Amino acid sequence: MSYEVRWMPRARRQAATVQRWWVANRASALTMLRDELARVIGLLQQNPELGILVKGREIRRLLLPALMHVFSPLLAGRVVLSLCLLLPTSGAVALSCAYFQRRSYWQIAAGFAAFNVTFLMGFMNFELAIGIAMWGAAAWVLYRERFPIGTVSFGAVVATLAFFFHMFGFCFYALLIGSYELTVLFGKDLRTLPDVRHATKRAIFLVLALVIPTTFYFVSPLEQIEDAARWPHIAQKTANFFGPFLDYSSAFDVLTIVPLIAFLIFCVTQRRARISAAALIASVILLVTYIAMPRAMKGTYFLDIRLPIMLGFMIFAGFMPAGLTPRQRIASGILFAALFLARITFITSVWMQSQRDVDDVRQVIASVTPGSRVLAADVVCTDNPAWCASMPISRRLPELTPTYWHLAAFVLLDRHAFWPNIFAEDTKQPIVIKEPYRDLQAVDSPPVNYTYLALDQIPPIELKRFPFLTGWSQKFDYVLVLNADGASNLDRFLPNQLQLVDRRGIAALFQVRK
């Protein structure tokens, strides 16, 4: 197995690496980092027999290893995950304070959006980027009029930093400060045109703050990628709109969403709310963009679901209850405190229960030999709908995606083996697979449907995603089937080609007969 770490802007490289660990073991990231992170960093640095190449000392610049020089591995993991939770939440609070020039208990409610669906899916670079964007926008709103040169200079730094973490973070920052500039130019009367000289000066300052990352984008590989856009079903699109508050249970999601929406409607209809004009402009643009944006484009998936996350934080940043009676304030405070506590308790219990899946995978792959090639496969819901409806809720985010796909990463973490779904896309991750393993890489895909291994003729569309399926038994040493407890006949699957090694709960390991 051979890897090469290629140059990528430091912040993006950090975020991409952290995301891999979080997705690989979302349910127990904090406890696993202590054991696994140090081991795999050592693997990348100190195992020349695996042909792993690192240019210079780039690996030392990764975020978690850097923190591990200061903190213990467990504490370093907690710091990173805490940043993903606190940076966007505190950014929303800071932006609200900048918009309204006051503090409110309502701002704390931004914590409802902290455990959003992108956080649960492991999009850590995105979470950090939108947090940076909101903090930067808060500084712009507070200091743009008093210190224009300093604010624009600082804004250019924030825009560049957000871009290096995630492109959406930069776009969010541009939207927030652009919306503020519009409200300053037009004031409360949109029918009155602003002074041309004044508008031109502000536009130039805005462009100066955004020009560096914009230039980076147009010279980056991402700009040159051509890929057909794909849209989700309308029902999926509608459900995903509530992404800031979605978790593992649709019923529990309703318990959270309905009171929040009811409170917002009550405050607006009773004229007991203040709404920032800049936030309103940004929110409308986010909503319209979400409706029009595809699910996948330019080689990136789950594009559209990121917009409701930003919109969710804007609800708490740009909306402020006002004029509530003391009884209404107390009642709403108790209600939202109880809902928040219930949400945190529920998510924590799901994560603790899913630890069993993590343990099962690690025990099943214990016999995998280092340097071997492991084909990751999946028992998909369409093969067994009844099981899908009853399987542990920790294994899926409703209307989105399974959460267990990347547990196959433990074949690298534990056994130093190769698996084809490794995050190594040229435009996204700093690791690239070299020959002869490159032909075994899946193309931006989850684990293959295990039933495809039994087909004589693989559908062309599947061969495009899994080019290694042709003659797979000659290319791989093991097959790791995930969600294995959903397949009743798995023990007798391809007996002439596969020998069952071990099967526990979510995982089953087969050795390929040679």
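Is Cys 84 buried or exposed? Cys 84 is buried, with a relative accessible area of 0%. The views below come from a predicted model.

**View 1. A disulfide joins Cys 381 and Cys 388.** Their sulfur atoms lie 2.1 Å apart. The link is right-handed, with 70° about the S-S bond. Cys 381 is partly exposed, because its relative accessibility of 23% falls between the limits of 20% and 50%. A search of the whole structure finds 1 disulfide.

**View 2. Arg 295 sits buried in a loop.** The loop runs between α13 (277-292) and α14 (306-318). Arg 295 has a relative accessible area of 3%, so it counts as buried, under the 20% limit. The side chain of Arg 295 makes a polar contact of 2.5 Å with the side chain of Asn 240. A polar contact of 2.5 Å also joins the side chains of Arg 295 and Asp 304. Beyond its neighbours within four places in sequence, Arg 295 is in contact with residues including Trp 231, Pro 232, Tyr 301, Phe 302 and Leu 400.

**View 3. A nonpolar patch lies on the surface.** Val 207, Val 211, Ile 212, Phe 216, Phe 218 and Val 219 form this patch. Together they have about 530 Å² of accessible area. Val 207 belongs to helix α9 (residues 196-218). Val 207 is exposed, because its relative accessible area of 52% is over the 50% limit.

Technical notes:
Residues are numbered from 1 along each chain as its sequence is written. This is a predicted model: local features need pLDDT of at least 70, side-chain atom pairs count only at pLDDT 80 or more; totals for chains, interfaces and linings use all residues. Side-chain values use heavy atoms; hydrogens and water are left out. Patches are made of residues with over 30% relative accessible area and no salt bridge: like charges are joined within 9 Å, nonpolar side chains (Val, Leu, Ile, Met, Phe, Trp, Tyr) within 5 Å. Accessible areas come from the Shrake-Rupley method with a 1.4 Å probe; for residues, only the protein chains shown count as cover. A salt bridge is a side-chain nitrogen of Lys or Arg within 4 Å of a carboxyl oxygen of Asp or Glu. Helices (H or I, at least four residues) and strands (E, at least two) are DSSP runs, numbered from the N terminus. Buried means under 20% relative accessible area, exposed over 50%, partly exposed in between (1.4 Å probe, protein chains only). A disulfide is a pair of cysteine sulfur atoms within 2.5 Å. A polar contact is a pair of N or O atoms within 3.5 Å; within protein, one must be able to donate a hydrogen and the other to accept it, and residues adjacent in sequence count only if both atoms are side-chain atoms. Contact means heavy atoms within 4.5 Å.
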